[in-house]
Amino acid sequence: MTDTGSEQPQPDTVKDIDITDGKAKLRKWLNVNFRIEMTDGRVLIGVFLCTDRDANVILGACSEYLKSSGGETEEPRVLGLVMVPGRHIVSIQIDDTNPPQKFYYDE
């Protein structure tokens, strides 16, 4: 006997929906300024470009902020394009204090 009244979605279908939702979120965050805190206390602020399965993050136009021994933030160091290993990321936030930089290429 089959029960047609309480059909459960197949596991593959649920997985596809989760992947689609995750991809949509990542696409929405493209070219948005991210603030990433790392395990060693550094803070990186840059434009989110991509990520991978290991949670590594690529930031463009990135600057590094260090805290001095007095607790004050020092002048930023410009890094440019960086890859942040996922295992060193403590937190990620959208940084809305600065508008994201626009990149234009002449052909």
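I take contact to mean heavy atoms within 4.5 Å. The model I examined is predicted: local features need pLDDT of at least 70, side-chain atom pairs count only at pLDDT 80 or more, and totals for chains, interfaces and linings use all residues. Residues are numbered from 1 along each chain as its sequence is written, and side-chain values use heavy atoms, with hydrogens and water left out.

**Entry 1**

I looked up the contacts of Val84, leaving aside neighbours within four places in sequence, and found Ile36, Met38, Leu44, Ala55, Asn56, Val57, Leu59 and Ile89. Strands here are DSSP runs of E, at least two residues long, numbered from the N terminus.

**Entry 2: Aromatic pairs**

How many aromatic pairs does a search of the whole structure find? I recorded two. Rings of Phe, Tyr and Trp (its six-membered ring) pair if their centres lie within 6.5 Å; planes under 30 degrees apart count as stacked, over 60 as edge-to-face and the rest as tilted. Trp29 and Phe34 form an edge-to-face pair, at 6.1 Å centre to centre with 65° between the planes. The pair of Phe34 and Phe48 is stacked, because the ring centres are 4.8 Å apart and the planes stand at 15°. Since Phe34 lies in strand β1 (residues 33-38) and Phe48 in strand β2, this pair ties together parts that are 14 residues apart in sequence.

Trp29 is partly exposed at 28%, whereas Phe34 is buried at 5% and Phe48 is buried at 3%.

**Entry 3: Ser63**

Not counting residues up to four places away in sequence, Ser63 touches Val43, Leu44, Ile45, Pro76, Arg77, Val78 and Leu79.

**Entry 4: Asp54**

I located Asp54 in the loop between β2 (43-51) and β3 (57-65). Asp54 counts as exposed because its relative accessibility is 58%. From Asp54 to Arg87, C-alpha to C-alpha, I noted 8.2 Å in space and 33 residues in sequence.

Note on methods: Helices (H or I, at least four residues) and strands (E, at least two) are DSSP runs, numbered from the N terminus. Buried means under 20% relative accessible area, exposed over 50%, partly exposed in between (1.4 Å probe, protein chains only).
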